[in-house]
Amino acid sequence: MAVLNLSFAACGFLGIYHLGAVGAFLRHGGRLVGSLRACAGASAGALVAALMVTAPDKLEHCKDFTFRFAESVRRQRFGAVTPGYDFMLTLREGIEEILPADAHSLASDRLHVSITHSKSGRNHVVSRFTCREELIQALLASSFVPVYAGLRPVEFKGEKWIDGGFTDSLPILPVGRTVTVSPFAGLQDVCPVHRGRYNHQLRLANMNVMFSMENIKRLNREGFSDAVRFMKREAWMS
């Protein structure tokens, strides 16, 4: 099989869809995983890509954290922007729980994180990490939506950065085939089937949507089944 990469789209709490897809890849995609060179992503997609590269054994832990995180935001009077609620601190605590001590070594040259420079608006994809803290900062930067997540951009390597989904919400890697995963119906490899009447296409840089817990859990199941459908189509099931 040719060299393969996975790229996970920016999508806020809809990233639970990505975790469903990862579950399918790990359970049924032995051929795909065996040929996997790297993973990429923006925002929530970068977090899932990091999980895939550094801690696939923590998938259930990550799902539990996502459910708890979404519920904690939902309980706030004004959601993530409620005064006194620290969205980024909660996210950091979740990342620290999941990433192993050597995550930066596992991630270097295998994890590609999309971030956006806060002043110039240019995109940068990071793939080298000198320590675990540097990896965490890159993931936090990729997930920082101004106002929603806070007022001060994340500092990474001496500069300020915000959500990578604003400038490259679905990174495509230059070597090999990049298999794309998105919770939005469209032309991605793994995505929901569009069942509407119209064939219009819309490119979204980034979106954060709050759903009920029931819908979040349903999205996880759909991510799993959509990934299985894709692997069957490619004859990659094992």
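Helices (H or I, at least four residues) and strands (E, at least two) are DSSP runs, numbered from the N terminus.

The model is predicted: local features need pLDDT of at least 70, side-chain atom pairs pLDDT 80 or more, while totals for chains, interfaces and linings use all residues. Residues are numbered from 1 along each chain as its sequence is written, and side-chain values use heavy atoms, without hydrogens and water.

Next I listed the contact (heavy atoms within 4.5 Å). From H4, His61, Cys62, Phe65, Arg68, Phe69 and Val73 meet Phe87, Thr90, Leu91, Gly94, Glu97 and Ile98 of H5. I sorted these as seven nonpolar, three polar and two charged. Ala, Val, Leu, Ile, Met, Phe, Trp, Tyr, Cys and Pro count as nonpolar, Asp, Glu, Lys and Arg as charged, the others, Gly among them, as polar.

I then checked disulfides (cysteine sulfur pairs within 2.5 Å) and counted zero. The sulfur of Cys62 is 12 Å from its closest cysteine sulfur, in Cys11, too far for a bond. Cys62 is buried at 12% relative accessible area (buried is under 20%, exposed over 50%, partly exposed in between; 1.4 Å probe, protein chains only).

Last, I noted Asp109, a non-glycine with a positive phi of about 70 degrees. Asp109 sits in the loop between helix H6 (103-107) and strand S3 (111-117).
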